[in-house]
Amino acid sequence: MGPVRSSLPPLVPVLALLTLVPHSESKVTLKDSPSFVQVVRNENGLLECEIAEFSGSKMTLQNSSVLWSFTNGAEKSNAFVYISGVIREKWKEAELLSSSITHGNMSLLLKDVAYKHAGQYQCEVYIPPNDKATKTVTLEVIARPTVIVTSEKTVEVGTGGEMALSCQLSGYFPCESNTEWLQTTPAQGKLRVLTDVCIAPPVKNPDGTCNISTEVRLEPGVEDIGSTFTCRVFHKSFTKPYQVEALVTLKEAEIHLSKASIIGSIIGSIITSVLVLGLGIYFYMRFYYKVAPYVSEIQKPVKVIHREPAELTCQVSGFQPSVITIAWYLKRLKDAEMKLIAEWQEDNVFHFPLSKAKKIGKAEKKNETDDWKVRAGRIQKSGDGTFSISSVLEIYPDIFMDNEAEITCKVIHPSNSEAICKKIKLHVDGIPPKLARIIKPPVVLHNSSVMLTCPIICFKPRPVKITWYKNVHGQKTPLLVLDNANEKNIFPDKYSHYMRRFNYSDCTVSVYSTIRFNATIQEEDKSQYFCAVEHIGLTNPVEEQVQLDVKAFPSLDAILSDPVNPVIGEMLTLTCRVHSFYPESITVHWLKDDVIVESKTPKTDLNSKHELHEFISSFTITPTVSDLQSKYKCQVDHESLMYPRFAEYIPENLVSHPTVSEITCSPDIPEVEKELTLTCTISDYYPNDIQVEWFRNEVRINSNVSHEKIEEQSSCKDGLHSKVTMVTLTPSTDDHQAEYRVEVCHSKSSTKPIKKNFQLTLKGSPKFSVFVMEPENPSYGKDLSVSCSVSGISHPNVTVEWYKASQLIHNGVTKTKPILTSENTYKVDARLKFFVTAEDFEGELFLQYKDNDKGDTFKRDIHLPLQAVTPEVSEIECQPAYPRKGERAILYCKIDHFCPVDILVVWSKGWTECKDEKNTETPKINEKGLYSTVTHLPIDVVEGRTEYICEVRHLKTNDIVEKTYVLHV
Ligand SMILES: *[C@@H]1O[C@H](CO)[C@@H](O)[C@H](O)[C@H]1NC(C)=O
Ligand SMILES: *[C@@H]1O[C@H](CO)[C@@H](O)[C@H](O)[C@H]1NC(C)=O
């Protein structure tokens, strides 16, 4: 147990202590222990969780609970569950003793830890009644590497040989590690870290652990003898670096001299002089005994490529002494004789056998024409004292010059009077072109230009023959032949051609041959094109092929709607015409606000002229208010299109007809001098523009001048508008039986106004009947009879009288006495008969009822449907008819049959108005009931021609009548 921070000793006394203070605030805390634990695989790990402090009521650890839960990513499980003294759940590798729990030690021991145990652990301690504490511990499982060091057992130094040491780490985790090689040399007694180290990247094992190997290669010298080599490993699982020593011993090299040792064995025991003799023989063998060289066949690469460096090797071995000449010759097909390329000579006569002399004399001689080179390796001495060398000819062949050329390696050695020659034939190959797929446009469109490109890639040498073909009725027809820059275009009207060439540093070439033509469905759909290529590096032509699928993309006309002005709640059909596409297969979607609401594969029609297809798609909706914000799309998918095409429709002309209620009156039964309100509700219309007008007895109510007041209340719900219009007035008896009308004009949805009528009937008022006229259409100069009855009168003490312009009328009036009707009220019939004149035009005529008891009067106007009449103007006459010069005369003119009375008469003489002289009589009613008058103009008669004009303007009708009179004296 770690140090306890508080002054609390072990928990048992605490228990005792706590029982003494039963009512204090309870609290449990856990000891501060590592929340991160690293455990080596296959070892035991302890996850610490101990109670540090506990103060509270009854400490009942026996009844307490402990839960160790485990999570690793998505994986969850309980490692240990202890509830009220009973272990309910437990991993078999987990250990926690109940006795330990009762002492406040909840630490969990995990045995033989494996990788699966890595993760998060939570220790949850619960002590009744309500004390709780938790702690989280992260467990990392690590694995120690197995370190294996391999090496040779013994290594001879000084022979120029290499030695390899390898240090392999396997099965370790985590995968970060570091390895180094150390050398301890006895002479210096110092540690040296080796640098020429080769570390492969770590490899993963299936269990997640890693392997890595670190190799070092060295060429030890004599000074290294006695050294030790150690591999040092750094890894998380080692507290200090782990070291393994390589079991290698460095020894001085023995001299192997086959012949010398034979002699040595014969005279092994003979002393120095014999040894001297032996050495003498040895030196002879080494330097004066001549052995002829063995010359191998010339080695060459499997393939010699045009304008690519290649090496030819001539191996010369087993010769002695080391004096030698190697020469290379070339004989091209066109050459008659071999030509020397280069010569190499070794002429060092004396080599001290035991020294490590590496001197090489070189004599290079360049051929004037070629950059070919001879490179000789260093002369090698083998164990038996003979020499060997390899001579390398670096060539840079050209297929046109060097193919089938003969190459000779000639070796001259003192042991032979004749040179040894080895010959080979050089085959120079080109690099054949590779054809990539013919490049065609992703979509070939009807009636548009198409380019097909044949990529001929990385070949050499340059000449290449390209032929384009087309499959016409199953037959390959050549279109274009390109042979070494010569172009033969067989159909120049249809095809054009161009080529791009790319040269690369290794002398290879790529060529892009492109033909271009116009594609139509009729000519090119499903047509096949071929690109064939011939080249020196190919035995047979290579070919690529492409098939064209010609397409035409669909065009969409604007969406049409039926009706043009759609109405909310009424069916609306949208149609979309899609045309000029190919091939036939197409799908159409109808979208509302970018969501597909209908998909179809339409039936299409063929437009025979162009082989193009078309169709009309329709879609029916019943628009609602929400469609005011909607967008409809007709969208087509077709293989010619990268993205679908669409036409859009926004129901911007969507309207909703207003609903107009009947006019209601509040109060229901209005009374004289009590305010009343007429209300009309106009609802659910769209758009908002609406005109509402009120009329009283056919006259528009203008709030500013009328005694009625108009008020409006507008509202809007779900995009639809409503309006309540009210007319407020305090009625007088004059308003009795007034006709109120509301006219609603919603011009966006209908040109016809909607009208609602209401007749105001005041409480307790008599009822005037409709005026009956006879004849129905009154005319001037004729008699007219107007009758009306007043009913609903409560008592007979009433007066009914006719008035014309506030003037009581007596003539032509007939009245009945008040008659009691079946409703127990009285009724009076009144009739007026009179001669209609122009004075009645727009004149006031009314029937007045008077309640003689109460004094109330009611009147009812009658409007006579009389027309204004334009005057008839006579020709101007002169009196006397033939006046003489110097006389006075009068011009006069009759103005007849007009109504109303207002006229304006203007006399003029020539261009001058005669203002003062004119005289027009006051119009009088004539026998036709219309006005008539005469106008005069007194004149002074002068010699010659004088023109007089009388202009009569009728103000009501705005008609002008003009008369002219010419006086000749
Ligand atoms: C708690 O228990 C574990 C194992 O059960 C033990 O290793 C550890 O030492 C204990 N701690 C103390 C403080 O006794
Ligand atoms: C890692 O090394 C072990 C022991 O040398 C070997 O069995 C195992 O195949 C190696 N793993 C890999 C992935 O090479």
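Me: What are the ground rules on numbering and confidence here?
Reply: Residues count from 1 along each chain as its sequence is written, while chains are lettered from A and ligands numbered from 1 in the order in which they are written. The model is predicted, so to speak by rule: local features need pLDDT of at least 70, side-chain atom pairs count only at pLDDT 80 or more, totals for chains, interfaces and linings use all residues, and side-chain values use heavy atoms, with hydrogens and water left out.

Me: How many helices and strands in the protein chain?
Reply: 6 helices and 82 strands. These are DSSP runs, numbered from the N terminus: helices are H or I with at least four residues, strands E with at least two.

Me: What share of the residues is buried?
Reply: 40% of the 969 residues. Buried means under 20% relative accessible area, exposed over 50%, partly exposed in between (1.4 Å probe, protein chains only).

Me: And the accessible surface, what does it come to?
Reply: About 53200 Å², with 51% belonging to carbon and sulfur atoms. Areas come from the Shrake-Rupley method with a 1.4 Å probe; for residues, only the protein chains shown count as cover.

Me: Of contacts between residues at least 6 apart in sequence, what share joins residues at least 24 apart?
Reply: 63% in the protein chain. Contact means heavy atoms within 4.5 Å.

Me: Switching to ligand 2. Which residues surround it?
Reply: S170, V203, K204, N205 and N211. A residue is near a molecule or strand if one of its heavy atoms lies within 4 Å of it.

Me: How much of ligand 2 does the protein bury?
Reply: 37% of the 360 Å² that ligand 2 exposes when taken alone.

Me: How does that shell divide by residue type?
Reply: 1 nonpolar, 3 polar and 1 charged. Ala, Val, Leu, Ile, Met, Phe, Trp, Tyr, Cys and Pro count as nonpolar; Asp, Glu, Lys and Arg as charged; the others, Gly among them, as polar.

Me: What are the distances for N205 and N211?
Reply: An N or O atom in the N205 side chain is 2.5 Å from a nitrogen atom of ligand 2. For N211, a polar side-chain atom lies 2.2 Å from an oxygen atom of the ligand.

Me: Now β14. Why call it largely enclosed?
Reply: Because 7 of the 10 residues in β14 (residues 163–172) are buried.

Me: Which strands pair with it?
Reply: β12 (residues 146–151) pairs antiparallel with β14 over 6 bridges, and T150 has S166 as its bridge partner. β19 (residues 210–218) also pairs antiparallel with β14, over 8 bridges. There, A164 partners R217. Two strands pair if DSSP finds at least two bridges between them.

Me: Where is I142, and is it buried or exposed?
Reply: I142 is in strand β11 (residues 131–142). It is buried, at 3% relative accessible area. Its contacts beyond four places in sequence include F173, P174 and S237.

Me: What about S237, buried or exposed?
Reply: Buried, at 5%. S237 sits in the loop between β20 (228–234) and β21 (242–246).

Me: Which side chain does it make a polar contact with?
Reply: The side chain of H235, at 2.7 Å. A polar contact is a pair of N or O atoms within 3.5 Å; within protein, one must be able to donate a hydrogen and the other to accept it, and residues adjacent in sequence count only if both atoms are side-chain atoms.
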